[in-house]
Amino acid sequence: MVQRRHLLRLAAGVPLAAPALLPRAARADEVTLRLHHFLPAVSNVHRNFLLPWSRKVEEASNGRLKIRIFPSMQLGGAPPQLFDQARDGVADIAWTLPGYTPGRFPRIEVLELPFIANRSGLANAKATQEFAQKHLAAEFAEVHPLCFWSHDGGLIHAKRPVRQLSDLHGMKLRFPTRQAGEALRALGAAPIGMPVPQVAEALSQGVLDGAVVPWEVVPSIKLQELVRNHTSFPGNPTFYTASNVLAMNKAKYQSLPADLRAVLDAQSGEAAAALVGAMLDEQAVAVAEMTRRRGNSLIELEPEEAARWRAACQPVTEAWATQGAARGFDAAALLADARATFARHA
């Protein structure tokens, strides 16, 4: 009888002790957003921007707003589909390059014209965010943009050295945006468009002789092992940059409680652009030094040679302005403001 009473007392205490042994149930007011992108989890943007940014959002919301990141297209599809995945709710947020769908976002292309942007990632990120807030609301109205940025000055990474225009003749180079492709064509190269994840295989198979990407992308696709020559450009403006957008599904954003929308807003826009821009500049130094230690050749064009490249690319800018006017927007005004915005942040 005593043993039975003892067992009953133990049983009565179980409900009080059990919660400490079980995982905490999700609170009803917690929200988890799915963020989808195209590079692996070892990439710099994933490790050094998206992860820290998502933690800032979670901390600012006291744990109520979480962001789960799916790298390497883990939710399916191909990189050019990422914008539509955010628009359609396949993902709540997507990081993508507007240039992956050529001609779809003609106004933002002004930022990708040759010799428009700066060498600094922080300067370009801030300038792009400012320009987007002023000019790109209609172009990206299908989503809720959280942040825009452009990377630091892109380089030419190639199997053989590029020191002058004649070195580019017939060289098969990967390009990320329509305007970068047109610039390479004007310089005598044979441009081939493809998303970054395809570059390593294309180089290994001889489909490409090289690629244009910023420094921070290099380690994620082991480009420093596939080519040995890396050509950069002196000063500002630099050869090319590519614009990026962190796009959120509009309905998902609007469904958030007002206080969580405020948290997300505070961590987006200029704050996020500054975070990614600082990372780009930091990684540019680190990756360049890592590549130098491998014994690869780091080449910077002489100023006189860079001037020849700028002159050769001028028709690309003129063609974009003509096409923009034909599509019904004031391309000349956009171009002037893009130049002024980049110069102001240089």
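Which residue in β10 does Trp 95 stand opposite? The first legend gives the reply. The model is predicted: local features need pLDDT of at least 70 and side-chain atom pairs count only at pLDDT 80 or more, while totals for chains, interfaces and linings use all residues. Residues are numbered from 1 along each chain as its sequence is written, and side-chain values use heavy atoms, with hydrogens and water left out.

**View 1. Strand β3 and its pairing partners β1 and β10.** Trp 95 stands opposite Leu 246 in β10. Strands (E, at least two residues) and helices (H or I, at least four) are DSSP runs numbered from the N terminus, and two strands pair if DSSP finds at least two bridges between them. β3 and β10 (residues 243–248) are antiparallel and share four bridges. Strand β1 (residues 31–36) runs parallel to β3, to which two bridges join it; here Leu 35 has Ile 93 as its bridge partner. From β3 (residues 93–96), Ile 93 and Trp 95 point one way and Ala 94 and Thr 96 the other way, and all are buried (under 20% relative accessible area, with exposed over 50% and partly exposed in between; 1.4 Å probe, protein chains only).

**View 2. Helix α2, residues 44–60.** The 17 residues of α2 should span 24 Å at 1.5 Å a residue, and the end C-alpha atoms are 23 Å apart, which agrees; the expected span is 1.5 Å times one less than the number of residues. A kink of about 30 degrees lies at Leu 50, shortly before Pro 52, the bend being the angle between axes fitted to the seven residues ending there and the seven starting there. Among the buried residues of α2 are His 46, Phe 49, Leu 50 and Trp 53. Just after the helix, Asn 62 takes a positive phi of about 55 degrees.

**View 3. Aromatic rings.** Rings of Phe, Tyr and Trp (its six-membered ring) pair if their centres lie within 6.5 Å; planes under 30 degrees apart count as stacked, over 60 as edge-to-face and the rest as tilted. The count comes to 15 aromatic pairs. Trp 320 and Phe 329 have ring centres 6.0 Å apart and planes at 50 degrees, so the pair is tilted; both residues are buried. One aromatic cluster is formed by Phe 38, Phe 49, Trp 95, Tyr 100 and Trp 149.

**View 4. The pairing of β5 and β9.** Strand β5 (residues 155–158) and strand β9 (residues 229–232) pair in the antiparallel sense over three bridges. Ile 156 has Thr 231 in β9 as its bridge partner.
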